[in-house]
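Student: I am new to this structure. Please take me through one part of it closely, and then show me how a few other spots are built.

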Amino acid sequence: MAVAPETGERTLTLTVDGQEVKAAPGDTILTVCRRMGIDIPTLCYDERMEPYGGCRMCLVEVEGARGPVPACAAVIGDGMSVTTMSDKIFKLRKFVIELLLSNHPLDCPVCEAAGDCRLQDYAWEYDVNMTPWGWHPKDFETRDDHPNVARNPNRCINCGRCVRICRDVMGIGCWGFTNRGYETIIDTPYNLPLEQVGCVSCGQCVSACPVGALTHKRSRHDARIWQTDKTDTVCPYCGVGCEFTVQTFRDRLVRVTTEPGQGVNNGNLCVKGRFGMEFVNSPDRLTTPMVRNEDGNLVPTTWDVALDRIEQNFKRIKEEAGGKAFAGLASAKCTNEENYLFQKFMRGVIGTNNVDHCARL
Amino acid sequence: MTNSIADIHEADVMLLIGSNTTEAHPVIGIEVVRLLKEGKTLIVADPRKIDLARRAHLHLQLRPGTNVALLNGMMRHILDKGLEDMEFIESRTENYEAFRDSIMSTTVEEAAEITGVPAEDIKKAAELYATCNNANILYAMGITQFHTGTNNVLAVANLSMVTGNIGRRGTGVNPLRGQNNVQGACDMGGLPDVFSGYQKVDDPAAIAKMEEAWGVTLEDRQKGKTIMEMMRAIDDGEIRALYVMGENPIISDPDQKHVEESLSKVDFLVVQDIFFTETCEYADVVLPACTSVEKEGTFTNTERRVQRVRAALEPREGTKPDWEIVQLLATRMGADWSLKGPEDLMTEINQVTPQYGGITYRRLDAKSEQRTPDVVFEETDSCGLQWPCPDEDHSGTPVLHAGRFSRGNGFFSAVEYKKPIEEVSDEYPMILTTGRELVHYHTGTMSRQAPGLNALVPDARLEINPDDARDLGIKHGERVRLTSRRGSIEPFAWVTDRVSPGLVFMPFHFAEAPANRLTVQTFDPISKIPELKVAAVRLEAMNGGSADAGAESKETSV
């Protein structure tokens, strides 16, 4: 135990894999280990929500405890000694994966989540014997009528992250567990369509699913995750300024993803950010300048011709009526740099303060 | 926002007024839900039963355009009960006496009469807001889009100051800005009266500073015109050339017919956009720009956080980033600019914009790289920098007005309630209020081109109370005709008790049924914001009415 001199708050001292570490009261074993760079596997854990302790992948050994404890839910104590990996822990985690696989479809070659699936990763990492207790894949049928969210309940591992993010973060609760045991399925109340159970189409459940049970429907056959380039940028919709990762393949936007902890949004997004970026790929984009011809129609042309036309007319009007005969609308959708340059152009080059944008609209 | 998104949930009581947060700012909506789940108190003041109004402890369902009356009524009760924070008022504010006199000239009962909110509820809201440790106010265009918009904001600020709820985490006056970079466009001088950093265009010192930095002599040394004034100046022949970069005034501006007339009249119109918008129809030259996914730069969000925008794709063939187009035009007009990219521009912004002095790409990029999986929302400072950030050693400003207001003392303004421009009449017996909805965005230039969004909401919906629908023979899902003094549109009916009888609501995103065909152009004399929230209208069934009219929708709003 120690007291931080600057804040006066108590800090606790514990040992993790033989290394002494200090942490704050209330920290969990998992958060302390992650800060130390120690990798602990998790399926049901999501930083955006309270720990659940359901999947048992994060089991670790704590000296003096009666059995292994889930690192995600266990709060640290002063003098605690934690071992994150041992033969016993390895076997336990391997056993969890083998049990999950015993009724999992094993359809990785056609699964949208392949390459982005915790179950697949851990099966490989823990060198599982696939299905030593037999294979009884689930055969549920369910609605799959949402335009953006693809559902495949047979791939579900019942980690409950979709149930909890909709209930605990969104405050809605579209999803719930139905039935018991092997028959357990995550479904909407009375198997109603999502739009009748308060769904706001945010796709938070898709972002929370660690496997291929809930996936992006519209980018299904566009590109595998390992084929895409990933770029962190800011959403161009409302003023919240959520950060997201744009996945692209060749010259197309494939999908938008986030991770817990990302941006002011902490990995949360709404329907527009998550499912509304496809306009970038639209064949209807403007790709050539246009000028109005003698018949009064707008016709495609080259950049040079378009810029010539603007130059002639701007110079003519400037000569006839001066800078004050001009006005410019900057843009709440363009970058700071572009807006700065735009007003500099209007004020410094054209000679007018008639600059505005739709700030009030 | 005076405060940050991360401290919203730290309030004990939140007054949400004129903001449909879960639809217009959904991820901030998550923080409001979090506040509720943490057992804090939520008061929603909104004419509609929006999602958060249904979840709130108290819903003040005021008549559209009566915000000042409601807020003054709350303040009257605060003064009556002696709940004001005299220590804060004496040490941090001025003009309190005049403010107090104006509040004492109104009564809670008058407020109840004007707003339609029971006096007991106004009193309860006042007590909740004034008696907790930390109270904050979130507002949006339900406060500002009135001919009295400035007064509404001043009344909000008065309420915050009279109870000392500003300058700490979990407090503040927090406007939620509607568009991704509307904050940044204002910060950068995309306004008629200021250069970047709100330096006045008629201030000789600011003029001299910019002239030196830009190497020019500035021709215009007076305030310019706002959008609405520009349209009128076009009518008068005073403005002859208009250059539009990434805006769509035909859909976003009030009284669409008038905007159409103005844009038809203007001598020369250049429109630069990513799609062929409704405004492009009127252009003499159209220039193809690229999307934000194909650009480098920065956006500034509603909490003043400047964040890096990064190019994930090369510009689509034939398109150019907007900055490059502006530079090409400047060169044609004789300027000698040789900017290589947005980072050069940010360096110039750092030099001439005090609030952005220390916001460099180097710092923004370094911060993004530091991100760890353990950053939790309260500590989210993993991205961007919040202005004011005057120099490279400054870590940004999450809470404004702590200890001192930027002008010194907080100024109380005496504001009186004024009626909306239009009231109901025999010919136009209902009130239309407009706004945003969850799935679409602004003029639809982006969202209407996203198949995943159009699949959810393909068309404009008009919210109609079941009683009105029944009386008028309107069936859910049918097309209806909505007419104001300025025009007529045909949205489809969404029968719901979200609106009270006599009120209809629709979003302005849809070119097929543009709400702004109907809205009022009269604007606030100071902020020049138009009164988009109140228009008198007439609603009619088409095809002579339906037999099973008035039945409510089973579906939720999305």
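**A close look at helix α2 of chain B**

Tutor: Start with helix α2 of chain B, residues 26-37. The helix has twelve residues. From its first C-alpha to its last it reaches 16 Å, close to the 16 Å expected at 1.5 Å a residue. Keep in mind that this is a predicted model.

Now ask what surrounds it. Nine of the twelve residues of α2(B) are buried, so the helix is largely enclosed by the rest of the structure. The buried residues are B:P26, B:V27, B:I28, B:G29, B:I30, B:E31, B:V32, B:V33 and B:L35. Their cover includes a piece of chain A, namely α4 (161-169). From chain B, the cover includes β1 (13-17), α1 (21-24), β2 (41-45) and α3 (51-55). Just after α2(B) comes B:G39, with a positive phi of about 85°.

Follow one of those covering elements. Helix α3 of chain B holds B:R54. B:R54 counts as exposed, because it has 10 C-beta neighbours inside 10 Å; the cut-off for exposed is 12 or fewer. The C-alpha atoms of B:R54 and B:V44 are separated by 9.0 Å, and these residues are ten apart along the chain.

Next, stay in chain B for a helix pair. The axes of α13 (residues 227-235) and α15 (residues 256-265) of chain B come within 9 Å and cross at roughly 55°. The two helices are therefore oblique to each other. Their crossing is left-handed. On the α13(B) side, the contact is made by B:M231, B:I234 and B:D235. On the α15(B) side, B:H258, B:V259, B:S262 and B:K265 take part. The contact residues of this pair divide into three nonpolar, two polar and two charged.

One more spot in chain B concerns the backbone. B:W387 and B:P388 are joined by a cis peptide bond, with omega about 0°. B:P388 sits in the loop between β12 (385-386) and β13 (410-411) of chain B.

Finally, turn to two loop residues of chain A. A:D127 lies in the loop between α3 (118-125) and β7 (149-151) of chain A. Its phi is near 50°, a positive value in a residue other than glycine. A:D127 is exposed, with 9 other C-beta atoms within 10 Å. A:N266 lies in the loop between β13 (252-257) and α6 (271-275) of chain A. The phi of A:N266 is near 55°, again positive in a residue other than glycine. A:N266 counts as buried, because it has 26 C-beta neighbours inside 10 Å.

Technical notes
Residues numbered from 1 in each chain as written. Chains lettered and ligands numbered in written order. Predicted model: local features only at pLDDT ≥ 70, side-chain atom pairs only at ≥ 80, totals over all residues. Axes fitted to C-alpha atoms, helices over the stretch in contact; angles between N-to-C directions. Helix = DSSP H or I, 4+ residues; strand = E, 2+ residues; numbered from the N terminus. Parallel < 35°, antiparallel > 145°, perpendicular 65-115°, else oblique. Left-handed = near helix turned anticlockwise from the far one by under 90°. Contact = placed C-beta atoms within 7 Å. Nonpolar A, V, L, I, M, F, W, Y, C, P; charged D, E, K, R; others polar. Expected span 1.5 Å × (residues − 1). Buried ≥ 20, exposed ≤ 12 C-beta atoms within 10 Å, placed from the backbone.
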